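Subject: Structure handover

Hello,

I am passing this structure on to you. Please look through it first; my notes on what was found follow below.

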Amino acid sequence: MSYTVAVRALCEFTARAGDLDLRFTPAPSALEGMAGHSLVQSRRGKDYETEISLAGEYGDLRVRGRADGFDAGVGQLEEIKTYRGQIEGVRAHHRALHWAQARIYAHLLCQARGLQRLRVALVYFNVGNSEETVLVQEEDAATLRAFFEQQCALFLDWARSEAAHRAAREAALAALRFPMQGFRAGQRELAVAVYRVARAQQGGQCLMAQAPTGIGKTLGTIFPMLKAMPDQGLDRLFFLTAKGTGHGLALQALASVNRQIAEQHPPLPEEPDAPQPLPSPPAPPARLRVLAILARDKACEHPDKACHGDSCPLARGFFDRLPAARAAALQQAPWDPPAVRAVALAHDICPYYLSQELVRWSDVVVADYHYFYDSAAMLYALTQAQQWKVGVLVDEAHNLLERARRMYTAELSQFALAAARKSATGAVRKALDRLSRSWSALNREQTASYQAHEEVPAGLLGAVQRAVAAIADANADSPMLPGDPVLDFYWEALQFMALAEQFGGHALFDVHLLPGRSGPRRTPASTLCIRCVVPAPHLAARHAAAHASVLFSGTLSPPHFYRDILGLPEGTHWLEADSPFQADQLDVQVAGHISTRYRDRDRSLRPIADLVAAQYARRPGNYLCFFSSFDYLQRVAECLQRTHPDLPVWLQTPSMDEEGRAAFLARFTEAGQGVGFAVLGGAFSEGVDLPGKRLIGAFVATLGLPQVNPVNEEMKRAMDRQFGADKGYDYSYLYPGLRKVVQAAGRVIRSERDRGVVFLIDDRYRRGEVQALLPRWWQVEGMR
């Protein structure tokens, strides 16, 4: 039984020591890092070798990697690291890691070429001024070999345990049976489609699956992906969700899989000559290691402290205590947030960063979308660095569009710039002043309160870049504390600059003049925004990095819209699973005599109120009534209470907190009666489960179309340019609106036993292009 590890992963396991230290130091971008490596390599002689593939073995451990450079003329192996600012800003635990990597590569090179001595060099390249700091140690081959063997010995017991776990896991998954008594209607169809995509020989395969509530989408996607893992050699499964409720459903499904595995007790493969694992009690051999990642702000034990050893006690000595905590975690099942927290606090280390470490040893990770799809996504970065072969499941994938837009949108406020200028001094103040002048000049050219531009003006972008560089250099000399207005503006400007460098037809650059005045000439202040309209260019690389991606939801129609907008490849498979529900379970009525258009709102209030009251009189019970805005909601509620005062009504409010939302839902009891008023697309229109008599009907008094405003109109025009003039309206207004309607109506029927009614209130629901976007199992009836 063998185990292969990359040089960096080996050293990260064995060579890190001391404090966790996340104090801000200006770091080069990925492009700057690659450019720095190339520049250093180009400065060497013509015989200088670069990117040398090396590998070596210790027992049944195989170590591999690529050395940055070797100068045979002077016998010097070089490990190149880029940085920004002062060399003293490279943290001690990073330097220790860098030296360990350099010495491992040096041993592998000596072994490969029969060298007896070698100069081992760390080359630190400052991307700000292109200066090199070269640290050199003379080493003989025997010393380097001893160091290599020492690191391997530290890793080997763990590696053997990991290899044994992997073998047991794959044997268990190969024998795994579906953990329920049988498949539900539509669930088998979904599972087969997922399995086929996961079993494809070529990576980057994608499936879009529209599957209604009630078929068991979570288990129906997890089970086939796990079954495909042994044959395809998948290293990990990432289950990504937009909301915490998705985490809970995934963990329940995975718990049922682990119970099934425990009942089956698959034997370990017989390898009598294989080395024995650690003498300490190993983890149950066939258990899936399921890690759920909690957001940092929810996992932090000391939110009033900074993440470094001088401030937070759980950061002090983090890497010294990490090995024991990691070994203890191996005995826990599962790695949910409470379990990880308990292990972390027992070893006096940070729970959040322990969970990040455990990603490397997990089988399944349940996390938010941004851990794989964001520009700085941890799971994506690890997949690339460790060359993992992964399967990705995207729960409620219709949410990925808006989430990805937010991930790849950046705003700069001129008020934030003013606060930074007030706090800044020296070169930073001068750079911010120049940016302010460039910004104000742009404002003076603008005649409307909102304006979109085809590109980011070169002068403005140059001023942003110079300000970012000045702040980074100043911070390297004198680190800024969290909460410093200059540092806050730096983070926003850095994101803005990064997106500006990738600017194209998928995005807008717009300027929104703000109320109030700024500057000595009282010029308007504004907000600058690089607004992501089509996240496809950003997401395409993520889809390609996974062996198989499955995006599933109850509302993922029409498929061409989501394929285009989310950057899915042309060959993406599509499935619309059969519904477990029957048409007679849901009475779908179109109230076509009412218009909910803005110009008709006043005339619609009484008809909607009468419609709600009449249905309640026919069948008293719990109902939800959805509106396009809080203002519309409030006006209809007041009309209903005035004309039908005996009908119980409760309302969602704009500032409703978690306690208020819980109280709102608590009114929906089996014996309850009344109407809850809510905003379409808000907290109560999806992700809410009210089965049985807790909810027997819904009224949707809108088509859900986004508001017509300058921003949405510019997005529509951008869609026209990207996909054709006939698609802008559908992509910007119709498809997103009807998706929200179907999600809201989906609150009514949650099981095969439910019965209910949905009223679609607007004459436009009679249109064929609108009804084509409704679930195919609905039978829509018009009202006169």
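A helix here is a DSSP run of H or I with at least four residues, and helices are numbered from the N terminus. Please keep in mind that the model is predicted.

Aromatic pairs

By that definition, helix 25 covers residues 728-745. Tyrosine 729 and tyrosine 733 both sit in helix 25, four residues apart, which is about one turn of the helix. Their rings form a stacked aromatic pair, with 5.6 Å centre to centre and 25° between the planes. Tyrosine 729 has a relative accessibility of 38% and so counts as partly exposed, whereas tyrosine 733 is buried, with a relative accessible area of 3%.

Helix 25 also holds tyrosine 731 and tyrosine 735, again four residues apart, about one turn of the helix. This aromatic pair is tilted, at 5.8 Å centre to centre and 45° between the planes. Tyrosine 731 counts as buried at 1% relative accessibility, and tyrosine 735 is buried with a relative accessible area of 11%.

The structure holds 32 aromatic pairs. One aromatic cluster is formed by Tyr3, Phe13, Phe155, Trp158 and Trp361. Over the face of tryptophan 158 lies arginine 326, at 5.5 Å from the ring centre. Arginine 44 lies over the face of tyrosine 48, at 6.0 Å from the ring centre.

Strand 19

Strand 19 spans residues 622-627, and six of its six residues are buried, so the strand is largely enclosed by the rest of the structure. Both of its faces are covered: Asn622, Leu624 and Phe626 lie on one side, and Tyr623, Cys625 and Phe627 on the other.

Strand 19 pairs with strand 21 (residues 674-679) in the parallel sense over six bridges. Within strand 21, glycine 676 stands opposite leucine 624. Strand 22 (residues 697-700) also runs parallel to strand 19, and four bridges join them. Valine 700 in strand 22 is the bridge partner of phenylalanine 626.

Nonpolar cores

The largest nonpolar core has 183 residues, and Tyr373, Leu379, Phe489 and Leu760 touch the most other members. Helix 3 (residues 92-113) gives the largest share of this core, ten residues. A second, separate core has 39 residues, including Met225, Ala228, Ala250 and Val550.

Leaving aside residues up to four places away in sequence, leucine 760 touches Val588, Gln589, Val590, Ala591, Val700, Val741, Tyr765, Leu774 and Trp778. Val700 among these is the strand 22 residue that bridges to phenylalanine 626.

Regards

Definitions and conventions:
Residues are numbered from 1 along each chain as its sequence is written. This is a predicted model: local features need pLDDT of at least 70, side-chain atom pairs count only at pLDDT 80 or more; totals for chains, interfaces and linings use all residues. Side-chain values use heavy atoms; hydrogens and water are left out. A nonpolar core is a set of buried Ala, Val, Leu, Ile, Met, Phe, Trp, Tyr and Cys residues joined through side-chain atoms within 4.5 Å. Buried means under 20% relative accessible area, exposed over 50%, partly exposed in between (1.4 Å probe, protein chains only). Helices (H or I, at least four residues) and strands (E, at least two) are DSSP runs, numbered from the N terminus. Contact means heavy atoms within 4.5 Å. Two strands pair if DSSP finds at least two bridges between them. Rings of Phe, Tyr and Trp (its six-membered ring) pair if their centres lie within 6.5 Å; planes under 30 degrees apart count as stacked, over 60 as edge-to-face and the rest as tilted. A charge sits over a ring if NZ of Lys or CZ of Arg is within 6 Å of the ring centre and within 35 degrees of the ring normal.
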